[in-house]
Amino acid sequence: MQTKRASNLVRAISAFVLACVAVAAQAKHMYQYTDAQGIVHFTDVKPPDNTPGVKSTLVHTDAQPLLRSREDGTDEDRTIVFVNSTGGPITVEIDVNDAKNVHTEPEVLPARVVLTGRSETRALHIVATNPAAGFRYGYKYTYMPGDYRAVPDENARYALPFPANLKLRVNQAFGGKFSHTEAQNKYAIDFGMPEGTPVLAARDGVVMTVDNDYYGNGLDMDKYGDRANNVRIVHDDGTMAVYAHLQLESARVQVGERVRTGQVLALSGDTGYTNGPHLHFVVQRNANMTMLAVPIQLVGADGKAFTPEEGMGVGAQ
């Protein structure tokens, strides 16, 4: 006689990891101080500037994954649930392998499921066709930020992502040979920007992810390649803007927050894979489970749209 344990659930998980979508260990400030009542406090929230005797230490923390999976039900009647903790859509491609005597919903696999921001989605139902007989199955999934069905708005224009009174140099533009050679960064723009400069939203959208706790920089890709503080904004057409190399703990927005063009997102910095302080700005889309950069036009101080070129000065006249 077969029992429930005759089933064999094997989960194989793989995930696409994108530049500017952090999944590695992070660090943050922890603060220690003693209040007027003599109580010692330990917190990751910075105390008011006038708090006496504050001690600050950088400690490593683990970044939260963009996506979690959960399995509900019994062995022979199992539902795979995905929890999207970001503020924007994530596309999951899920499949079953090594299956015997099982039925799935959806029946046609692999299947793609678009998870809306801040949601739980029942993505795959697996049922033993005949629970009394031997059965087995495994499943695997990959995921990518963004809705794979998104179509960029060709008429979209982007404001300069810094205050109007500044004029900054474009250090690297479309197809830049230093670090804009991959498909996901082909149309990225690097603005030479002093640390601490306000970074502004170039277009309306919703905050998808915020990485705020990285520190350090250098040209060692293995060490610093995924350690750039950044904010990712999803726009109404499904494209996503990434503002990267931001200053440690400088984010002014939260996941799920609706932002408007010109709103301060964070302060510029020099974190991650860099050769000097700058803002890396790129608009991307999930193109059939491949992350691609999107060519864009900026709007200058004169109100005219233009395509950025390396070496040009942009901003205040």
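**Exercise 1. Buried or exposed?**

Task: Decide whether tyrosine 158 is buried or exposed.

Solution. Step 1: tyrosine 158 has a relative accessibility of 4%. Step 2: buried means under 20%. Step 3: tyrosine 158 therefore counts as buried. Keep in mind that this is a predicted model.

Now take phenylalanine 281. Its relative accessibility is 0%. Phenylalanine 281 therefore counts as buried.

**Exercise 2. Aromatic pairs**

Task: State how many aromatic pairs there are, then classify the pair of tyrosine 158 and phenylalanine 281.

Solution. Step 1: the count is five aromatic pairs. Step 2: in the pair of tyrosine 158 and phenylalanine 281, the ring centres are 6.3 Å apart and the planes make an angle of 65°. Step 3: centres must lie within 6.5 Å, and planes over 60 degrees apart count as edge-to-face. Step 4: the pair of tyrosine 158 and phenylalanine 281 is edge-to-face. Tyrosine 158 is in strand β12 (residues 158-159), and phenylalanine 281 is in strand β23 (residues 278-286). They are 123 residues apart, so the pair links distant parts of the chain.

Task: Classify the pair of phenylalanine 174 and tyrosine 187.

Solution. Step 1: the ring centres of phenylalanine 174 and tyrosine 187 are 5.2 Å apart, and the planes stand at 90°. Step 2: the pair is therefore edge-to-face. Step 3: phenylalanine 174 and tyrosine 187 both lie in the loop between β13 (167-172) and β14 (189-192), so the pair ties together parts 13 residues apart in sequence. Step 4: check accessibility. Phenylalanine 174 is at 25%, so it counts as partly exposed. Tyrosine 187 is at 22%, so it counts as partly exposed.

Task: Which residues do ring pairs link into a cluster?

Solution. The cluster holds Tyr158, Tyr243 and Phe281.

**Exercise 3. A charge over a ring**

Task: Which residue lies over the face of tyrosine 148?

Solution. Step 1: arginine 112 lies over that face. Step 2: its distance from the ring centre is 5.0 Å. Step 3: the cut-off for this distance is within 6 Å.

**Exercise 4. A three-strand sheet**

Task: Give the strand order of the open sheet of three strands, and name its edge strands.

Solution. Step 1: the order reads β12-β25-β26, and the pairing is mixed. Step 2: β12 and β26 (305-306) each pair on one side only, and they are the edge strands. Step 3: look at one pairing. β12 runs parallel to strand β25 (residues 298-299), over two bridges. Step 4: find a partner. Alanine 159 is bridged to valine 299 in β25.

Notes:
Residues are numbered from 1 along each chain as its sequence is written. This is a predicted model: local features need pLDDT of at least 70, side-chain atom pairs count only at pLDDT 80 or more; totals for chains, interfaces and linings use all residues. Side-chain values use heavy atoms; hydrogens and water are left out. Rings of Phe, Tyr and Trp (its six-membered ring) pair if their centres lie within 6.5 Å; planes under 30 degrees apart count as stacked, over 60 as edge-to-face and the rest as tilted. Helices (H or I, at least four residues) and strands (E, at least two) are DSSP runs, numbered from the N terminus. Buried means under 20% relative accessible area, exposed over 50%, partly exposed in between (1.4 Å probe, protein chains only). A charge sits over a ring if NZ of Lys or CZ of Arg is within 6 Å of the ring centre and within 35 degrees of the ring normal. Two strands pair if DSSP finds at least two bridges between them.
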